[in-house]
Structures are given as structure tokens and as C-alpha cells.
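Subject: Structure handover

Hello,

Here is the structure you asked about. Please look it over before reading the notes below.

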Amino acid sequence: MKKRIRLKGRIKTYIKFSIYLGILMLAIDAAVFLVDIHAGLLVLGFAIFYWAVTLYLYFYNKPVIMNELISFATEYGQIQKKLLRDLEIPYALLDDSGKVIWTNTAFENVVHQPKGYNKSITSLFPTITRDRLPDDSGLDEAQYELQYGDGDYVIKFRKISLREMAENSDMIEAKDYNGYLIAVYLFDETALHIALQEVDDQSLAVGMIYLDNYEEALESVEEVRRSLLIALIDRKVNKYISAIDGISKKLEKDKYLIILRKKAVSQLQETRFDLLEEVKTVNIGNEMAVTISIGVGLDGLTYAQNYEFARTAIDLALGRGGDQAVIKTSESITYYGGKSQQVEKNTRVKARVKAHALREIITGKDKVLVMGHRMSDVDSFGAAVGIYRIAQTLERKAHIVLNDVTTSVQPLVDLFKNSPEYEEDMIINNQQAIEAAGSNTVLVVVDVNKPSITECPELLKYCKSVVVLDHHRQGTETIENATLSYVEPYASSACEMVSEILQYTYDNIKIRSEEADCMYSGIMIDTNNFMTKTGVRTFEAAAFLRRNGADVTRVRKLFREDALEYKARADAVSQAEIYKQVFAISVCTADELPSPTIIGAQAANELLNIKGIKASFVLTDYQGKIYVSARSIDEVNVQIIMERMGGGGHLNTAACQMEGTGLAEAIGILKRTIDTMLENNEI
């Protein structure tokens, strides 16, 4: 049905004004009749003549006027259309389904489509789906960033109601106009993004380079050639940094400060910091290759913040064992390198300093809480027992926080629970620990530096004084604001570190045989019977414990295995898949056993005995999670593999946990991770 166009507004009043005057004249004529009938007749005659002329003009001229108005509107619309067609901003109209119904020249040039293109907007921009457009749900405007061709754009959508458009017209009155159109605007921000990227590339990045084994490397070369070794290293570092348009300044004999552009840091990332390997090639007869650690800070709000980021990064690199680069920003931490085995320090000076500091902290408090990681193992519990002995010797009340006792730890826990020489509240659970915590309590965290996997993460909030003693490499997540942090990745176990601290905390400290057995067990288990990560100080710590009552035979009896556990481990070894000829991957299905994850870790150790295997991975499905135990001997860094999958650990011993994943899917993720890291030469 054809709609009838109606006039409204001022134009309607103007055309009907003569009719209103005619009505007024008739009213005046009626009043005149009351005064004088002759005058009334005269006015009536004039009124009839006026009405005849007015009606004639109204009905005759109205179509003419309407045609003139329509012609004017048409010409005016053509002008507007011409202006919109030639508008420099790309502009288009869509119907309510997202279909293109009109485009201007600029829009056509951007999308490289001819005039009359009438397909869906999604066919031009696949990311712009129907649900992202304005609709009847109340979304009237929308804006998105868009990449199209070689350009970067901001695309804006605006809903145009047909009813509102008709109601805003000064000339036409229209009813029952439903539906809407969508206006599309494209704003080219390519030049802006290029400028911003250039500014970002030129921003300052601060870095630090430390020589990890400066003293040890110098001692391995003749004295007359030491200055040459230092000069060659200086030249290598300065030449490398200068090649990327950076500045390097030697601060101390083994420390450099470097200033770079952010773009140069990207170049270092592309080459995966090959300076780490280049420095190792400096050899003038030195038996030990020189390794370096690099820490870079960028994207800070100020230059000072970038410097703090760099300091944090270098601390992380050193805390993870050195021979690696760490980049820290306000949002992320990235690691490169870290393939070398950590070198054990022969000096115990650091252990003595940390022991004295720990003694001062404990003596300044009334109570000591000791906590390890969740699903505590022998090393974690043994180290906690060592700290307990220190607190008791210093006459401070101490508790070990332990919830679930695993089968591996149960024999050791029974030694203390069944002994009248130890208090009943020596071992407490999380709730009891939180109740015991206070401002005058020191919390000692052993064998873990990642707060989320501690036995009771909430306890860190209740204790203002926190001490961290650990031998695992630090990752992105660390216990912040620790009063004392002693993290040494070269150490074989936390029990080795605590055994050294024991010797310096108190003169002639007395250790009971049960405690010595616990710490000796921790060293023995973490070193796989002194076969991995074992150095001079490891044997010295074991000798100290042996002198203080540790019995090798008694410890061996404590850890004799159940027949079912032995069979489960053997089954895991027998099912191993050899992947890429050097990686052993297996599954531990020990559902009926109380601690299948420990069986999986033992199976991973067993798989390393197979000739040609460089790394082993055993996956265990336990309590709705997939536990991955990773082991290697020396050629593969399993820590960085596990870090990529959300875990961590050591170069030779690492693990991770995966939630919401099945065994088959987890194996697939592991294989893809290995493939990716092999392609990028990361392992």
C-alpha cells in the first residue's frame, strides 16, 4: 500500500494560514451582523469571494507546491549523496541483518570492492560477526580494532532508527516506520600505530650482565694469563652490545651495566641471547668455561623502574643457577638459556652468613612455624625437622605444618609421633597453624619458593616474618618480601642446606638420631642414592649427619617398598614409549596405592637407566589432576620443559600439575611442547 505523505511543521502552518484567516473573517462577519445587517451582508459577500479564491488556490497550488518541495528535497538529497560519496572517511550503510546496502568511494577503495557491493559485512571483515553489530538488545554503538590488508583501522558502528529519522524531519510526517540501519565508519590508524611502535622501539631498556663463575674461572688458568682472559671477555661483551647500538659499562670486575633500545632487546630475543654461548667459547687454557647471567628490565613507567626490573631479573637469573637471560616487564618475566649444570661453590661463607641471620630472626621471635610444600616428600619433611631442631636449641616453641602424610613420609612421621621425647603438637595442620600465627611468629618455608604450592599459602599472610630455604630454581612466582631468602639451586637438597646451617647456628649443636635419619633420608632420596646432583658439600653434609647418629642401614629399612608399589613402578617402566629416540614417556596407573605420584617419580628415575635416554617423563592421574614427573641426567634441561607446562624444578629433576586434562591429552601437550622447544633449539 502506498504511503500518503503528509506535511507538518512550519510549512504546514504556512499553507493553511489562509484557511485560518477565512475562519476568522466568518467570525468577524457574524459579529458585524449583530451591529448592522447591511454591513454584515457586505462583509459576507467579501468573505464568500475570499473563500472561493482561497479554496481554489489551496487545492490547485498544493500539488504544485508539493512537487516543488519534492524536487527541492531530491536536489538537496543528491547534493548530500554527492558529498557522502566523495567523503574522505570510508563510510557505508548496512541493513539490520548486517548486509551492505550503500558505500562511498573511500570505503570502496579500502575494501577493493566495486560500487553496488551488497554482501554481508562479515564477508569483508571476518572478525565482525553479526553478534558484534548494534541490535535491538540496546547496543546502539560499537567500536573495534581491525586489521585489514596492510593497514590498521578502528571500525565504528552506529544504529540509525528509521522512526527517529522520520520524526526529526521538518517537512514529512511518517507513521509506522520500523527497523533500523547501521552506519559504518573506518578510521585508518596505520600511521599512528607505526609512530607509536617507533616510539616504543626507541624506549630505554636497562640490563645487567654478571659473570657467574669469575673467581673459579680465573683460578683454572695460569696467573700470567688471567688479565688476558678478562680482556677477552670484556671485548666479547662490549663488541656484542655495540653491535646492537647499545652501551656497556663495567661496574665491577664481574659486573656490567648495559643501556639498550627496546628494539635491540627484540633482536637479542630473536637470537635467543647467543652471547650466553659466545662467552663460553673464550678459552686460553682455562679448564672451566666462563658463563654469564643477563637481566633486562623494560616497559617501566620510569627509567628508575626499568633499572629495578633489571635488578630483579638478574637476581632471578642468578637464583636459577646462572647461565641464562631473564627479561622482566611490569606484566611478565621471560627466560632464555639455563642449559648448563650449576657449579657447586666450595666456600661455605654464604651458608655461615645465612645461618647467623636465621639465628637472629628466630631469637627475636617467640614461636617458629615450619612449612614445606603440598604432598610433602622426604626432603621437605627432613628439612623441616632440621629447622625444628634449631628452634628447640634456641629455646623457641616450634611446630611443623603438615596436613596429608604421604606413604613416603609416613615412616619418618611415625618416628616422632611414637616418641615420648617429642611434644604432641610438634606436627599441626593448617587450621592450627593459622591460629598459632601472629606478629611474634616467624614462618620458615623449606624446599619450596612458590607460594601457591606451599602446604598452607594463607599462612604467608598471617606471618610478617618469613624465611625461605630452598634448592629449587626460582620462577616467575616467588614468595615476596621474605625477611631472609636462601635459595641455592646448586644444592642437592633442602636437607643438605639445613645440615650446613645447623653447623653454624649453634656451637656443638646436639641432633637426635631420629632427626639425623630424617635429614640423611632427604639427601639420599633427592640425590637418588648420591647418583645425581651430588657434590663435595653433599658428602660433607652426609658425613656431618652420620657423625650425629644417622644410620644408613636404619634409613634403608625405613624406605623398603611394598610389593604392590614395586610392581606398579615396574609396570610404568615396561609401558614406556621412546619418543624422538631420546625421550621416555610413560604412565603410572597405581590407583589402588595411597601415593601414586611418588611411584611415578621413582619410575622416571628408573627410565634414565635405559641406554640412549636423555630425559624421562611419567604421568600420573591422581585426585582429578595429572602429575608429570620429569628427570634427566645432564644433556636435557627438564626444568624449562616443565616451566613451559606450568611447573618447575631443577635442571635434572622437575615436575608439573595439569588440571582439567585427560592422560591422552596431557601426553599430547607434552609431546607438542618437546617438539616446539626442539625446533627453537631451547633444549
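This is a predicted model: local features need pLDDT of at least 70, side-chain atom pairs count only at pLDDT 80 or more; totals for chains, interfaces and linings use all residues.

Residues are numbered from 1 along each chain as its sequence is written, and side-chain values use heavy atoms, with hydrogens and water left out.

Sheets

Helices (H or I, at least four residues) and strands (E, at least two) are DSSP runs, numbered from the N terminus. Two strands pair if DSSP finds at least two bridges between them.

An open sheet of 5 strands has antiparallel pairing and the order β3-β2-β7-β5-β4. Its edges are β3 (100–103) and β4 (141–148); each has a single partner strand, so one side of each lacks a neighbour in the sheet. Strands β2 (residues 91–94) and β7 (residues 180–188) run antiparallel and are joined by 4 bridges. L93 has A183 in β7 as its bridge partner.

Another open sheet has 6 strands in the order β9-β10-β8-β11-β12-β13, with mixed pairing. Here β8 (residues 204–211) and β10 (residues 255–261) run antiparallel, with 7 bridges between them. L204 stands opposite R261 in β10.

Aromatic rings

The whole structure holds 13 aromatic pairs. Rings of Phe, Tyr and Trp (its six-membered ring) pair if their centres lie within 6.5 Å; planes under 30 degrees apart count as stacked, over 60 as edge-to-face and the rest as tilted.

Y91 and W102 are edge-to-face, because their ring centres are 5.8 Å apart and their planes stand at 65 degrees. Y91 is in strand β2 and W102 in strand β3, so this pair ties together parts 11 residues apart in sequence. Y91 is buried at 10% relative accessibility, and W102 is buried at 18%; buried means under 20% relative accessible area, exposed over 50%, partly exposed in between (1.4 Å probe, protein chains only). Y91, W102, Y185 and F187 form one aromatic cluster.

The charged end of R512 sits over the ring of Y422, 5.0 Å from its centre. Such a charge is NZ of Lys or CZ of Arg within 6 Å of the ring centre and within 35 degrees of the ring normal. Y422 is buried, at 7% relative accessible area.

Strand β15

I400 lies in strand β15 (residues 397–401) and is buried, with a relative accessible area of 2%. Leaving out residues up to four places away in sequence, I400 touches (heavy atoms within 4.5 Å) several residues, including V370, F381 and Y388.

Regards
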